[in-house]
Structure formats: structure tokens, C-alpha cells
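Student: Can we go through this one together? I'd like to start with the strands and then look at the ligand.

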Amino acid sequence: MGLTNKTAGIILAVIGLSPFSLLFAQQPNSINFAEHVAPIIYDNCVECHRPGSIAPMSLLDYETVRAWGPVIKDRVEKRSMPPYFIDKEVGVQSFEDDRSLSDQEIATIVAWVDSGSPQGDMNYLPPAPQFEDDVAWTLEDDMGRPPDLIIPIPEPFTVPADGPNWWMTFYSDTGLTEDRWIKAFETKPSAEGYPVVHHAVTSMEFPDGGGGFLSEYALGKTADINPPGTGQLIKAGTRLNWNVHYAASPDGLDRTDRTRLALWFLPEGEDPEHELIRSHMADNEDLDLPGGEERIRTDGYEYLDKNIRITAFQPHLHNLGTRQCIEVIYQDNRRQTLSCADWDFGWHIAYNYSEEVQPLIPKGSMIHVTSWFNNSKSNPWAGDSRNWVGFGQRSTDDMSFSWISYYELTDDEYDEAVAERHAGFEVGSDD
Ligand code: HEC
């Protein structure tokens, strides 16, 4: 039974736009909601598209999915839903947690909408996925336990109904009495604060004066698990510095928030092989984005004086950004594109490279980040596109850099990692 249905699905997907598809739609095994579309939606959409989650509508039932059909078709064809914007044509192609749809899943949805969105036999409908209570931490499942430490902002903060945007700095004591290595972290605004917390960046202030960037929360980016063999050090007595952007209340209600950061540690006494570092790279603060211009390019560079292994790439632009690419320029002037991703300001997505393809970059190389912006009417995020825009902290100003997660490699470790990589390919050593 499964085989016949699948075969019919594939055939229909291929001829989805032809005049015959309507004819096929009458057949019992034609693409339908219960058998073909619901499994895709349940696996890839309802985590966010369900009551109480962050998306505007629930996609759990046939009627709603059918009604949204044409919009769903448009979003999946453009690959703007699910939110995962890595360019499939250039650069490294293997990522952890890649939530994009396959070409075949997209073709199935398109063919279904084009053939009138038939419901099919609801006996075939898979059970709707069950979700944990919304107050739970989403990483609890992956980590197998509740967080080891939860640090809230020092006191609740209220965004008044008619208030403007706020950029707040808070400090919280972590209460840590010993040094620990962070394995994973998750940030959560309180339920009422959810619509107004646009970003929450934390950095650590060690008692000895050191410290640095710890985590970033932004819409679409809430949690991260550090790659195997790595951890971030947090020292006893660390004070947490919060930089929180509260947007104006969207619905005319006072909104009180108490954002919290949850940490999971490596077991006590277990040191990671490498300290994971997350930092800005190739910042360009000299932005010149003239009003009315649709395609503006900027470039930023970062010289590397250490060998590094890159574990993740996350573009950072604001409202006007449309796309970012990252490449390496080696000392012999060879250039290699690592990744390109389209940009939507509603989503801040870290693209975590699969371990076997994490870029290995020798010291002396340059990281080159290219960003594109659209300050014209065709960009729905542009405010008044007659205005010039430059660099700045507000969402209406812009920015251009990449968040890069990496760890340093000694020369020996670097050589070893390269040799291991080459051993995986049956090609000449020049590749
Ligand atoms: C990580 C959460 C998330 C996932 C996964 C996700 N969506 Fe969304 N979706 C959103 C949010 C939030 C919005 C509203 C903001 C936006 O459009 O970016 C949205 C908007 C949409 C819209 C436009 C709604 C409108 O008002 O125009 C459609 C259609 C859509 N999603 C379909 C899908 C489909 C189909 C899938 C799965 C194949 C999916 N989404 C997966 C969060 C998600």
C-alpha cells in the first residue's frame, strides 16, 4: 500500500503543474492531505505553527492548511518557510539541524495545492505530534535534564503600552562558586514579554577582569548546544551583563518581561578539548546605504593570526539586509566561499556545520564577509526608503558582520585535522 501511494506521489510531484494533475487528483492515490501533506507539515511546521507557539496560525488541521494553501505554496517554493535560508547552490552543504524542506517535499506541497488540496482518507492521517508544555525548556529533551543554572534579569521590566523601543543594560550575579564549562544554553523571555523581546545578548564579566560574549537570543534563535569536544568557560563569581532590546508593544498592552538564561554544564571536573569562542567577525561599521537603492554591497575583513576550526556561521544584518556570504582568502590568494545565506530580519539563524565539513582555516588567512542590502520600496522591512541609512544600534540603523563560532588549533592539531579530512576522500592531495 505504502509503495503505491509513494509512487503516485512522486509521479504527481513531477507533473504537478500539468493539466493532467486535476485528473489524477480524482484518483484514490493522488496527493492528498492525510497521506502526503500532513506528514510534511507535522514534521516541519507545527513546532511553531500550533496554538501557543510563535507563528501566526496553527497548521494542525486540514481546513486551515487548505485555506492557507496558496500562501503556503508561495512560502515553501521561495524557501522562506520553514525559516532556513542557506544557499543550496554554493559552499558547504551539510549542516546540523537543517530544517529546510527537500525538493521533493516542496514539489508534493505545490502539486497538492495546484490540484485543489484534496483531503484524502483521514484514516491515513498520522497522529498529531505532541509538544511539551510551553514553560519547559526546549533543550531539556536533548540534554536529558533540566538546566543546571537559571539566571534571570535582576528584576521584571515593563514595556509600557505606548512606549518606544528600549535598549536596556542589566547585570545579574550568577552565584557561581566554582569555574564551570558551558555545554548548552537557552534564553527565554517570559510568556507576556515574548512579543517585545527582540534580542537579548549576554556577556560574562569574570572577577579577574576577563570574560566575553556568552549567548545571543533573537527571534528564531533561542538555544544552542556546543559541538562535541568543546565548551565555554564561565568562572566562579562571574557577573552577567545583559543587553536587551525591547521593541514597542505591538498590541497596545503593557508587557512585563523577565527574560532568563538557562545553562547546562559539562560534568564537574571534565574539561573540554577546546574552548569554543563565539565572536563578531569582519565587522563593517562604515555603512552607506542610500535611499531608493535596491542592491548595495558592503565588505568586511578579519585577519586570522591563529589556525581555527569554524563550527557555525550566523549572518548579522538589520532591516535592510538581504543576503550575506562568507569566504576565506588564503595567503596564496586562493579564495573559497564557505557559505551564503539569504537574510530576513525576523530570523537570526545559526548555521551549524556538520562535524566532517567544519571549515579548517590556516593562520594568516583572511575571513571576508560580503553583505547585501535593499533600501528601496521593494523591501518590506525598509522604513521610509527615501532615507539614507548608516551603521547603528537601532533596528532602523543597520549592521554588517558574521557571528562565527570556532575554536583555535595548534599547528599540529591543524595538520592532523587536515590529514584526517583528506583521508576521507579518494582524491589527490591537492583537493
Ligand atoms: C521556527 C518556527 C517556524 C517553522 C518551523 C515554520 N514556520 Fe511558518 N512562520 C513562522 C513565523 C514566526 C511566521 C510569521 C513571521 C514570518 O512570516 O516570518 C511564519 C509565517 C508563515 C507563513 C505566512 C503567514 C502570513 O501571515 O503570511 C506561512 C504560509 C508559513 N509560515 C508556512 C509554514 C510552513 C508550510 C512551514 C513548514 C513547511 C513553516 N511555516 C514552518 C514560524 C515558523
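Student: How many bridges pair β14 with strand β20?
Tutor: Keep in mind that this is a predicted model. The two run antiparallel, with β20 covering residues 366-373. Thr298, for one, stands opposite Ser371 in β20. The bridge count for β14 and β20 is eight.

Student: Which are the edge strands of that sheet?
Tutor: It's an open sheet of four strands with antiparallel pairing, in the order β14-β20-β16-β17. An edge strand pairs on one side only. That picks out β14 (296-303) and β17 (335-342).

Student: Over to β9: which residues make up its uncovered face?
Tutor: In a regular strand the side chains alternate between the two faces of the sheet. Strand β9 spans residues 239-246, and its covered face holds Leu240, Trp242, Val244 and Tyr246. The uncovered face has Arg239, Asn241, Asn243 and His245.

Student: Which residue stands opposite Leu240 of β9?
Tutor: β9 pairs with β3 (residues 166-173), antiparallel over eight bridges, and there Tyr171 has Asn241 as its bridge partner. Strand β5 (residues 197-205) also pairs with β9 in the antiparallel sense, again over eight bridges. Leu240 faces Met204.

Student: And the ligand: which helix gives the largest share of its shell?
Tutor: The ligand is surrounded by 19 residues, and the closest are Cys45, Cys48, Ala55, Met81 and Pro82. By class, the shell has 13 nonpolar, three polar and three charged residues. The largest share, four residues, comes from residues 69-77, helix α5.

Key
Residues are numbered from 1 along each chain as its sequence is written. This is a predicted model: local features need pLDDT of at least 70, side-chain atom pairs count only at pLDDT 80 or more; totals for chains, interfaces and linings use all residues. Two strands pair if DSSP finds at least two bridges between them. A residue is near a molecule or strand if its C-beta atom, placed from the backbone, lies within 6 Å of it. Ala, Val, Leu, Ile, Met, Phe, Trp, Tyr, Cys and Pro count as nonpolar, Asp, Glu, Lys and Arg as charged, and the others, Gly among them, as polar. A residue is buried if 20 or more other C-beta atoms lie within 10 Å of its own, exposed if 12 or fewer, and partly exposed in between; C-beta atoms are placed from the backbone.
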